[in-house]
Amino acid sequence: MAVALGVGAYITAIFHLMTHAFFKALLFLGAGSVIHGLHGEQDIRKMGGLKSKMKWTYATMLLGTLAIIGCPPFAGFFSKDEILAAVYSKNFWMFLVLAISSVFTAWYMLRMFFATFHGNYRGSEESYAHVHESPWNMRLVLIVLAFLSVVGGFAGLPEISGQSHEVFQFLVRAIEQVKFKVSHLFEYLLWGITVLTLVILFIVTYKRYTNPNRDFYAPHNNRFVRLLENKYYIDECFDFLLVQPLKKLGKWFMHTFEYRIADKIVSVPVAILQSGSFALRNLQNGKLSWYLLYSIIGLLVILVAFLII
């Protein structure tokens, strides 16, 4: 969407935002359904084989996965290919980057799907016995979003289909989009390569992530794999640069500043008032002669001040 905006394909970006809302919301809520069915479990390494236990969630998640990876004729296919075509007409190298990125998207989404719903269950037998499908109030939302993920793309059919792009017709009166043009041959090739790539990814990821002999907990010696598994060590960097310094600063404020500095600063006015009170309370000794003397001294001070001013 951001790249589509960058090349001036504003309506295309909004079209993808619309289709993206359908299948991405479906996938998020589908993940919630899985977590609910597994009583709070979120570690995908402890899942697998949920297809038979959660058939509705499985079916809707399958449709959402097909939509997000751009499989025809689901919603993500039309909006994603429209973005690729728009970018290709402006910059080939950026198109290449997006095309490779879409392959990565398809890979990790299929990995998620097959590792969750196919193969053997990798948790305990006791937890598997309690796995259940979500209630209807959760499934109904998944069904609605799955339906939109299937048909949502037909609101923006490409020119080669001979049909009207309804989203474009609706928004063109309010949004001026930069025109982009690609050949019909390119669009057909893009479709063909997309289907071929997805078929290969389906086969590879299915065999890889449904293999009962695959150890999801096996440590990797490859540094690049470890880098990916640890999310580029962003959490560790965040902890080192921000969390730990803030903790140390907080401890300093609590143990050093609080007791050695703040307490002393606060005690200064108290000490002054106490010293003053000790000095002034001697004036209140109950002797009338002293009170008379204080009154005379006070009157003399006022008189002198009056004469000077």
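At 5% relative accessibility, F114 counts as buried, where buried means under 20% relative accessible area, exposed over 50% and partly exposed in between (1.4 Å probe, protein chains only). F202, at 25% relative accessibility, counts as partly exposed. The structure is a predicted model, in which local features need pLDDT of at least 70 and side-chain atom pairs count only at pLDDT 80 or more, while totals for chains, interfaces and linings use all residues. Residues are numbered from 1 along each chain as its sequence is written, and side-chain values use heavy atoms, with hydrogens and water left out.

A pair of aromatic rings is described by the distance of the centres and the angle of the planes. Here, rings of Phe, Tyr and Trp (its six-membered ring) pair if their centres lie within 6.5 Å; planes under 30 degrees apart count as stacked, over 60 as edge-to-face and the rest as tilted. By this rule the model holds 22 aromatic pairs. With ring centres 6.1 Å apart and planes at 75°, F114 and F202 make an edge-to-face pair. F114 belongs to helix α5 (residues 92-117) and F202 to helix α9 (residues 184-209), so this pair ties together parts that are 88 residues apart in sequence. Helices are DSSP runs (H or I, at least four residues), as are strands (E, at least two), numbered from the N terminus. Both rings belong to one aromatic cluster, formed by Y58, F113, F114, F117, F202 and Y206.

Turning to open space, the largest pocket holds about 1,000 Å³. On a 1 Å grid over the protein atoms alone, a pocket is an open set of points with protein on both sides within 12 Å along at least five of seven lines, in contrast to a cavity, where a 1.4 Å probe fits but cannot get out; lining residues have an atom within 4 Å of a point. Grid points are joined across faces, edges and corners, and the volume is the space filled by probe spheres set on the points. The lining of the largest pocket has 22 residues, and R111, Y209, V225, L228 and E229 are the closest to its centre. Helices α5, α9 and α10 (223-229) each give two or more residues to this lining.

Helix geometry comes next. The 28 residues of α2 (residues 10-37) reach 40 Å from first C-alpha to last, close to the 40 Å expected at 1.5 Å a residue; the expected span is 1.5 Å times one less than the number of residues. A kink of about 30° in α2 is centred on H20, the bend being the angle between axes fitted to the seven residues ending there and the seven starting there. In α4, 13 of the 14 residues are buried.

Most residues other than glycine have a negative phi, and most peptide bonds are trans. Just after α2, H39 takes a positive phi of about 60°. Y232 also has a positive phi of about 60° and lies in the loop between α10 and α11 (234-280); at 51% relative accessibility, Y232 counts as exposed. The P72 to P73 peptide bond is cis, with omega near 0°, and P73 is found in the loop between α3 (55-68) and α4 (75-88).
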